[in-house]
Amino acid sequence: MKKLLISLSILAAIAVVYYFGVARLPKENMSTQEILQKYQYDSTFSRFEYLETDEHTRTFKFTAFDCEEVFGKIAYPKIKRDKYPVLIGVHAMGRSYPRWFQSSLKGRPTVTNVNKITAEALQKGYVVIAIDSRYHGQRKVKEKPLRSIWNNLHYFGDKSDYENMILKTVLDNRTLIDWIETQPNLDHKRIHVAGYSMGGQVSLLLAGVDKRVNDVIAIVPPFIDNAIAAVAPKNLVHLIESNRVLMITGEHDDVASEEENQLIFSSITSKSKQHVIYDADHILPVDYVDDVASWLL
């Protein structure tokens with residue numbers, strides 16, 4: 001038993017030394033311009049194709065800036081308009097675009113309740129569009145499962161896949177906005193973005209780098225420090241200057257503390273902003289949807 005305890009102590013010590021000496025990611029000192037450069041892309045849009053259609057919804061795919069196929073869905077309200085305002089929904093990590101349109105998927109409930117946001121937006125006359133993020137849904141890569149991406153980031157000090165996942169998801173949504181601008185029935189001057197968890201992170205980054213975004217709804221975004229500076233919202237939210245911003249957080253969230261959430265919110269330059277805090281963890285009570293509905297014009 002004594003030898004076992006000694007062996008376990010040695011292994012624990014090795015693990016601690018490895019984590020603090022090797023695996024822990026160093027902080028990056030990147031200027032705003034250096035970060036913005038990472039979000040540049042070829043904005044030439046091409047190859048949009050509808051896959052399935054019914055009276056009010058259509059699934060689609062298009063080719064991203066780097067020739068990757070992007071899959072998504074668009075839902076139209078029953079209200080008829082010449083031009084529709086647009087709400088882009090961005091899903092959480094481990095989810096996919098159908099969550100914005102379905103109360104469950106493969107027998108598992110949509111615990112983020114973003115499908116209820118879609119219902120509220122449609123009732124108010126918005127078109128709602130959502131796409132799969134990189135490595136999610138129909139875009140999963142067998143060699144890069146999400147668990148591997150997460151473990152590499154947190155335990156082995158390899159940030160590359162996580163950084164690419166967030167960066168390229170932002171760029172995919174910029175390409176989606178390129179398409180929106182080509183549609184005569186979509187109001188490209190009223191493009192709003194809402195996201196839950198990783199989707200909240202992407203929404204803040206997208207609003208920071210793309211002035212075509214109007215309203216921003218960031219729901220429980222994780223706090224990212226300068227170990228992954230290019231995808232840390234805290235480095236870009238000061239560029240959100242004239243947008244309406246709604247940030248909803250949980251007081252006991254394990255991916256962002258109260259102080260970290262306040263840092264993000266206070267760094268947003270826009271004066272038209274609101275921060276709603278729930279006595280909750282990362283999964284908010286369904287009541288938060290009412291706050292979103294009230295925020296939508």
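A: Asp 178 counts as buried, at 8% relative accessibility (buried is under 20% relative accessible area, exposed is over 50%, and partly exposed falls in between, with a 1.4 Å probe and protein chains only). Before going further: this is a predicted model, so local features need pLDDT of at least 70 and side-chain atom pairs count only at pLDDT 80 or more, while totals for chains, interfaces and linings use all residues. Residues are numbered from 1 along each chain as its sequence is written, and side-chain values use heavy atoms, leaving out hydrogens and water.

Back to Asp 178: its side chain meets that of Arg 212 in a salt bridge, 2.7 Å from N to O (the term covers a side-chain nitrogen of Lys or Arg within 4 Å of a carboxyl oxygen of Asp or Glu). This pair links distant parts of the chain, 34 residues apart: Asp 178 sits in helix α5 (residues 160–182), and Arg 212 in the loop between α6 (198–209) and β9 (213–219). Helices (H or I, at least four residues) and strands (E, at least two) are DSSP runs, numbered from the N terminus.

Arg 212 also forms a salt bridge with Glu 181, where the closest N and O atoms are 2.9 Å apart. Glu 181 is in helix α5 and Arg 212 in the loop between α6 and β9, so this pair ties together parts 31 residues apart in sequence.

What else is in helix α5? Thr 175 lies there, and at 2% relative accessibility Thr 175 counts as buried. Leaving aside residues up to four places away in sequence, Thr 175 touches Tyr 41, Phe 45, Phe 62, Thr 63 and Phe 65 (contact means heavy atoms within 4.5 Å).

Now follow the chain into strand β9. Asp 215 is in that strand and Arg 244 in the loop between β9 and β10 (245–250), so their pairing ties together parts 29 residues apart in sequence. That one is a salt bridge too, with the closest N and O atoms 2.4 Å apart. Asp 215 is buried, with a relative accessible area of 5%.

Salt bridges that share partners also join Asp 66, Arg 134, Arg 139, Lys 168 and Asp 172 into one network. Across the whole structure, the search finds 15 salt bridges.
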